[in-house]
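Subject: Structure handover

Hello,

The structure is below, with the sequence. My notes on it follow.

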Amino acid sequence: MAFDTGSPYTTVTSDSCSNCHTKAYKPATSDTETNLATQWEIDIDQGGRDVTLKVFAFTDTVCIGEGDDLCNDDFKFYSIYEQKNLSSHEDGVLGIAPL
């Protein structure tokens, strides 16, 4: 994941993305995913590189580390189904700017 201090959006590549180098998120393997049936196009300036992401909005349980100690049961993020200029080694963008 690339950290982006200028974007509030967290995005992750998915198995439905035909032109992504990675396929990190597989919604069908999750018992807790909810597809919010919202499609967006997100444009991000990432270090002088214009990145365009076509995404679906989801919520799912997301945990940091092992176990259930650091989990958010209703984490909203965007699953990438098409991308332009996302680096081949990135699974997505972790946006850490406020909304």
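Contact here means heavy atoms within 4.5 Å. By that cut-off, and not counting residues up to four places away in sequence, Ala97 touches Asp4, Thr5, Gly6, Ser7 and Pro8. This is a predicted model, in which local features need pLDDT of at least 70 and side-chain atom pairs count only at pLDDT 80 or more, while totals for chains, interfaces and linings use all residues. Residues are numbered from 1 along each chain as its sequence is written, and side-chain values use heavy atoms, with hydrogens and water left out.

Ala97 sits in the segment after strand E6 (92–95); strands (E, at least two residues) are DSSP runs numbered from the N terminus. The C-alpha atoms of Ala97 and Pro8 are 4.6 Å apart, although 89 residues separate the two along the chain. Ala97 is buried, at 17% relative accessible area, where buried means under 20% (1.4 Å probe, protein chains only).

Now the aromatic rings. Rings of Phe, Tyr and Trp (its six-membered ring) pair if their centres lie within 6.5 Å; planes under 30 degrees apart are stacked, over 60 edge-to-face, and the rest tilted. That rule gives eight aromatic pairs. One of them is Tyr25 with Phe77, edge-to-face, at 5.0 Å centre to centre and 90 degrees between the planes. Tyr25 is in the loop between strand E2 (10–13) and strand E3 (34–46) and Phe77 is in strand E5 (residues 71–84), so this pair ties together parts 52 residues apart in sequence. Tyr25 is buried at 11% relative accessible area, and Phe77 is buried at 5%. Ring pairs also link Tyr25 and Phe77 with Phe58 and Phe75 into a cluster.

Regards

Conventions
Helices (H or I, at least four residues) and strands (E, at least two) are DSSP runs, numbered from the N terminus. Buried means under 20% relative accessible area, exposed over 50%, partly exposed in between (1.4 Å probe, protein chains only).
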